[in-house]
Amino acid sequence: MPNRNALSKGKGRIRSEQATRKDCDMKLLNLFKAFKNDDSGAVTVDWVVLTAAIVGLGMVVMVSVGGGITGLGDSIVTDLNSRQSGYENQ
């Protein structure tokens with residue numbers, strides 16, 4: 001005949017393992033709920049989107065104005081190359 005104390009200890013251990021697993025599941029569920037409700041990272045996302053928009057706008061402006069800047073630079077180089085350098089004695 002099996003020892004009743006051994007059987008009861010075994011059942012208690014199974015119940016203890018089930019309770020531990022249930023506690024672990026509840027902790028995990030609470031962790032997910034806290035993560036879902038936490039919106040502290042939303043500000044970071046807003047700043048990233050705002051910064052990307054500003055960089056994109058700057059690129060659009062540079063593309064549209066870039067041709068004029070190149071032409072102006074070329075005319076300045078031409079003007080400076082046509083002048084003589086150095087000091088004149090007066």
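In which helix does Ile-69 lie? Ile-69 belongs to helix 2, which covers residues 42–82. The model is predicted, so local features need a pLDDT of at least 70 and side-chain atom pairs count only at pLDDT 80 or more, while totals for chains, interfaces and linings use all residues. Residues are numbered from 1 along each chain as its sequence is written, and side-chain values use heavy atoms, with hydrogens and water left out.

The secondary structure of the protein consists of two helices and zero strands; these are DSSP runs numbered from the N terminus, helices being H or I with at least four residues and strands E with at least two. Of the 90 residues, 1% count as buried, where buried means under 20% relative accessible area, exposed over 50%, and partly exposed in between (1.4 Å probe, protein chains only). The protein exposes about 8,900 Å², of which carbon and sulfur atoms supply 62%; such areas come from the Shrake-Rupley method with a 1.4 Å probe, and for residues only the protein chains shown count as cover.

Ile-69, with a relative accessible area of 46%, is partly exposed. Together with Leu-57, Val-61, Met-62 and Val-65, Ile-69 forms a nonpolar surface patch of about 460 Å² accessible area. Patches are made of residues with over 30% relative accessible area and no salt bridge; nonpolar side chains (Val, Leu, Ile, Met, Phe, Trp, Tyr) are joined within 5 Å, like charges within 9 Å.

The structure holds one salt bridge, a term for a side-chain nitrogen of Lys or Arg within 4 Å of a carboxyl oxygen of Asp or Glu. Asp-79 pairs in this way with Arg-83, their closest N and O atoms being 3.4 Å apart. Asp-79 is partly exposed at 36% relative accessibility, whereas Arg-83 is exposed at 55%.
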